[in-house]
Amino acid sequence: MSKGILERLAEGPVLGDGGYLLELEKRGYVQAGPFTPEVVIEHPDALAQLHREFLRAGAEVLQTMTFYASDDKLATVGLAGKVDEINRDAVGIARKVAAEGDALVAGNLSLTWAYDPADPKSADHVRELFDRQLQDQLDAGPPDFWIGETFSFTAEALLFVERAKATGLPVMATMCFERLPARSYEGDTPGGSAKRLADAGADIVGVNCLNGPAQQLPIAVEMVEAVAGAVPVASQPVGYATTDTEADFTAWPDFPYGLTPKTLARGELAAFAADARDAGVRYIGSCCGSVAEHVRAMAKMLGKLPAEERAWKSPTGQAMSAYEYYAHTETEV
Ligand SMILES: [Zn+2]
């Protein structure tokens with residue numbers, strides 16, 4: 001039987017996958033704006049293909065395409081009745097592709113936009129939203145573990161940890177931070193937030209989305225120091241060149257249509273993977289804007305893909321490709 005996520009993390013860094021929604025929008029399967037995951041039931045083959053690209057690139061975990069697949073959020077695009085179908089089918093699609101290799105399936109949940117610290121009733125509503133997605137995904141799977149991501153309130157992430165832990169599967173919870181210095185909406189430092197999540201029983205804590213590697217890695221390192229080895233830390237930055245003053249790519253005026261010129265080269269994600277590993281981050285992945293080429297470069301950097309496939313050389317000495325013609329010698333990472 002395949003090793004579980006905690007066993008794999010105990011042995012060394014685990015490589016996550018990349019971003020789904022923005023890439024599927026570029027390919028014509030997701031609507032920019034709401035960024036809801038109806039692609040699961042409308043174009044399952046398109047989703048399976050992107051899972052497969054990440055798997056072939058070396059990803060060791062495939063996340064179910066259930067970001068924003070809560071009842072409230074789907075209702076904004078007229079799909080309130082589809083929440084069960086989307087959550088169930090997404091697990092099946094990810095599982096089928098994961099079985100083509102040795103990848104794990106992470107059941108994905110995300111912020112609900114329904115949590116309001118000023119409204120005591122909102123916590124129970126958020127619990128209900130999480131429970132429905134968790135139950136649907138359990139029924140269809142179960143997944144190998146849970147990832148709850150992009151929480152701005154530590155308190156909402158704690159609700160996720162509470163509900164996800166009740167299923168008995170390992171739980172990873174990751175925060176996101178819009179600006180530097182990074183703070184949760186209630187004012188927790190990244191280290192403080194990580195510690196609260198770990199103390200509540202999260203098996204893996206961390207940070208994902210919004211920031212590119214340069215801004216996100218220091219946040220993850222703060223978490224590594226705060227939890228002091230009690231749990232593994234995850235970092236899944238975006239594939240865009242954010243800056244210290246504009247640390248959240250979704251706040252840029254060119255979001256979501258003008259991001260291409262700010263996309264990082266694959267080598268920059270590979271460098272992040274090495275730096276994150278050396279800094280003690282154990283779950284190393286990527287998020288929006290990171291596609292197969294980025295994941296592949298990260299996999300190579302972490303020694304998770306074999307070196308180039310086959311030897312090739314022109315038998316006559318006559319150049320047979322531009323690579324030979326210009327005497328290139330570059331390697332990928
Ligand atoms: Zn993202």
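Colleague: Which residues coordinate the zinc ion?

Modeller: Cys209, Cys287 and Cys288 coordinate the zinc ion, each through SG, at 2.2 to 2.3 Å. Donors are N, O and S atoms within 2.8 Å of the metal (3.2 Å for Na, K and Ca); water is not among the atoms, so sites may look incomplete. This is a predicted model: local features need pLDDT of at least 70, side-chain atom pairs pLDDT 80 or more, while totals for chains, interfaces and linings use all residues. Residues are numbered from 1 along each chain as its sequence is written, and side-chain values use heavy atoms, without hydrogens or water.

Colleague: How are the donor residues spaced in sequence?

Modeller: The pattern is C-x77-C-C. Cys209 lies in the loop between β6 (204–208) and α10 (213–227), and Cys287 in the loop between β8 (283–284) and α12 (292–301), so the pair ties together parts 78 residues apart in sequence. Helices (H or I, at least four residues) and strands (E, at least two) are DSSP runs, numbered from the N terminus.

Colleague: Is Cys209 buried or exposed?

Modeller: Buried means under 20% relative accessible area, exposed over 50%, partly exposed in between (1.4 Å probe, protein chains only). Cys209 is buried, and Cys287 is too.

Colleague: How many aromatic pairs are there?

Modeller: Rings of Phe, Tyr and Trp (its six-membered ring) pair if their centres lie within 6.5 Å; planes under 30 degrees apart are stacked, over 60 edge-to-face, the rest tilted. The count is 11. Take Tyr20 and Phe54: their centres are 5.1 Å apart and their planes at 70°, so the pair is edge-to-face. Tyr20 is buried at 8%, and Phe54 is buried at 0%.
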